[in-house]
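Hello,

Here is the structure I promised to pass on to you. Please open it first, and then read my notes below alongside it.

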Amino acid sequence: MSLTTTVTPATTGRPAAARLAGDVDNRATYISFGLAYVFGHGSAALSKGDTPLLDLPGWLPMALLGAGLAVGTIQATVAALRAQRTSTEPDDVLSGKLLGAAWITAFAALFLAITGLASTLDMPDVQSLLWPTGSGFVVGLLYVAEGAQRRNLLHYGLGTWLALTSTAALLVGSPGLYWVLTLAGGSAYAIAAILERRRLNSLSGHPQNSRH
């Protein structure tokens, strides 16, 4: 009599929890940056140029933009750190930490670059052009890096759009660039916030049209 042993094949797929590193909720970040675009760039678009539509203090648009970018950067850093905390892979943990630190490094480098250019060229007004476009470019590239690392196509696509439209806005000059940033960037963040909810619902297995 021959004895046969049945061997259950090992499961090769990764557990569902391991996918959480790419499933971070980015809605708070999108909303924060979106409001910075709408109020910061929007107020600049309305108050700058030869025939401004609103008479606003010159410091107000930059203050609104800076406040929104600060809140958005904090939210993005928290999201990156949350992603690495939910990961079980050592490489993913390290990547999450590096991406979280990259937000601080990128904006510190942007500050030094813009301040240095304004001082070297003796053109303090250049900051009003480079901060709006430069910040959008930096955020876009960070989104591209995060989207690639987390395999998040929405994040990656939003970053690509922001990087391209922010730099292309320089071609139209002031105050046109503020309108480009407000409309292209603000609407992109609004759409991304809506799509992010649908993305998270699909990943968690909840139907998009479910009622709670």
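The largest nonpolar core has 24 residues, and Tyr 30, Trp 103, Val 139, Tyr 143, Leu 158 and Tyr 189 touch the most other members. By nonpolar core I mean a set of buried Ala, Val, Leu, Ile, Met, Phe, Trp, Tyr and Cys residues joined through side-chain atoms within 4.5 Å. Buried stands for under 20% relative accessible area, exposed for over 50%, and partly exposed for what lies in between (1.4 Å probe, protein chains only). At least two residues of this core come from each of helix 1 (27–47), helix 2 (59–85), helix 3 (90–120), helix 4 (127–150), helix 5 (153–168) and helix 6 (176–204). A second, separate core has 6 residues, including Ala 44, Ala 45, Leu 177 and Tyr 178.

Please keep in mind that this is a predicted model, where local features need pLDDT of at least 70 and side-chain atom pairs count only at pLDDT 80 or more, while totals for chains, interfaces and linings use all residues. Residues are numbered from 1 along each chain as its sequence is written, and side-chain values use heavy atoms, with hydrogens and water left out.

Now the overall picture. The chain has 6 helices and 0 strands; both are DSSP runs numbered from the N terminus, helices being H or I with at least four residues and strands E with at least two. Of the 212 residues in the chain, 38% are buried. Among contacts (heavy atoms within 4.5 Å) with a separation of 6 or more, 73% are between residues 24 or more positions apart.

Which residues does Leu 158 contact, leaving aside its neighbours within four places in sequence? They are Tyr 30, Tyr 143, Ala 188, Tyr 189 and Ala 192.

Leu 158 also takes part in the pairing of helix 5 with helix 6. The axes of these two helices come within 10 Å and cross at roughly 180°; axes are lines fitted to C-alpha atoms, for helices over the stretch in contact, and angles run from 0 to 180 degrees between N-to-C directions. Helix 5 contributes Leu 154, Trp 161 and Thr 165, among others, and helix 6 contributes residues including Leu 181, Gly 185 and Arg 199.

Have a look at Ser 43 too, which sits in helix 1. Ser 43 is buried, with a relative accessible area of 9%. Its side chain reaches the backbone oxygen of Gly 40 at 2.9 Å. Not counting residues up to four places away in sequence, Ser 43 touches Val 38, Leu 56, Pro 61 and Leu 64.

Finally, the loops. The peptide bond from Ser 174 to Pro 175 is cis, with omega near 5°, and Pro 175 belongs to the loop between helix 5 and helix 6. In the loop between helix 3 and helix 4 you will find Asp 122, a residue other than glycine with a positive phi, near 55°. Asp 122 is exposed, at a relative accessible area of 64%. Arg 151, in the loop between helix 4 and helix 5, has a positive phi near 60° and counts as exposed at 70% relative accessibility.

Enjoy exploring!

Best wishes

Conventions
Polar contact = N/O pair within 3.5 Å; in protein donor to acceptor, adjacent residues only side chain to side chain.
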